Amino acid sequence: MTAWRPQPAGDLPDGLILFDGVCVLCSGMVHFVLPRDKASHFRFVAVQTEAGQVLAKRFGIDPAYPQTVAVTRNGQALFKSDCAIAIGRALPGWGWAAAFRLVPRPLRDFLYDRIARNRYRLFGKRDTCLMPTPEVRSRFIDALPDLPKAA
């Protein structure tokens, strides 16, 4: 996939964030969202889990080297900068993130790609996946019961 346009995802829970669980930057994004999402709208699934691998393959994301974070919003899966904007817009006090939609998607995604390609070098990589604390464990999904198993 090269355009990373929104894809249908009406069968998935709204607010599901697929992220690279060993990426320090991606895990940092999760830690940023958790305290700001007071309504607990967002749920998280690491690409390294079985459910994450199924979703990654469905969306055309390489599970071995995920090149984007994804979020489900209003029946669609959003990627790259669209994903970041959608997450920001949904957080209280961060509605101003919608202003980034004024920047053309190719430019936004170009900048997103520069960071994504260098994220391990710039921010680091963990040996193991992010482990949620007991207080937020219920917001992390390991399995989606109605999805087929990863091949």
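## Ground rules

Residue numbers start from 1 along each chain as its sequence is written. Because the model is predicted, local features need pLDDT of at least 70 and side-chain atom pairs count only at pLDDT 80 or more, while totals for chains, interfaces and linings use all residues; side-chain values use heavy atoms, with hydrogens and water left out.

## The largest pocket

Let's start with the open space. The largest pocket has a volume of about 850 Å³. Here a pocket is an open set of points on a 1 Å grid over the protein atoms alone, where a 1.4 Å probe fits, with protein on both sides within 12 Å along at least five of seven lines. Grid points are joined across faces, edges and corners, and the volume is the space filled by probe spheres set on the points.

Helices H1 (24-36), H3 (80-90) and H4 (105-117) each supply at least two lining residues, with H3 giving the most, at 7 residues. Helices are DSSP runs of H or I with at least four residues, strands are runs of E with at least two, and both are numbered from the N terminus. By type, the lining divides into 21 nonpolar, 4 polar and 4 charged residues. In this scheme Ala, Val, Leu, Ile, Met, Phe, Trp, Tyr, Cys and Pro are nonpolar, Asp, Glu, Lys and Arg are charged, and the others, Gly among them, are polar.

The model has 7 salt bridges, each a side-chain nitrogen of Lys or Arg within 4 Å of a carboxyl oxygen of Asp or Glu. One of them pairs Asp113 with Lys80, with the closest N and O atoms 2.3 Å apart. This pair links helix H4 to helix H3 across 33 residues. Asp113 is buried at 15% relative accessibility, and Lys80 is buried at 6%. Buried means under 20% relative accessible area, exposed over 50%, and partly exposed in between, using a 1.4 Å probe and protein chains only.

Asp82 forms a salt bridge with Arg105, at 2.6 Å between the closest N and O atoms. Asp82 sits in H3 and Arg105 in H4, 23 residues apart. Asp82 counts as buried, at 5% relative accessibility. Shared partners join Asp82, Arg105 and Arg108 into one network of salt bridges.

Arg58 pairs with Asp11, the closest N and O atoms being 2.7 Å apart. Arg58 belongs to helix H2 (residues 50-59), and Asp11 to the loop between strands E1 (7-8) and E2 (16-19), 47 residues apart. Arg58 is partly exposed at 32% relative accessible area, whereas Asp11 is exposed at 52%.

Notes:
1 Å grid on protein atoms, 1.4 Å probe; cavity = no way out; pocket = protein on both sides within 12 Å on 5 of 7 lines; lining within 4 Å.
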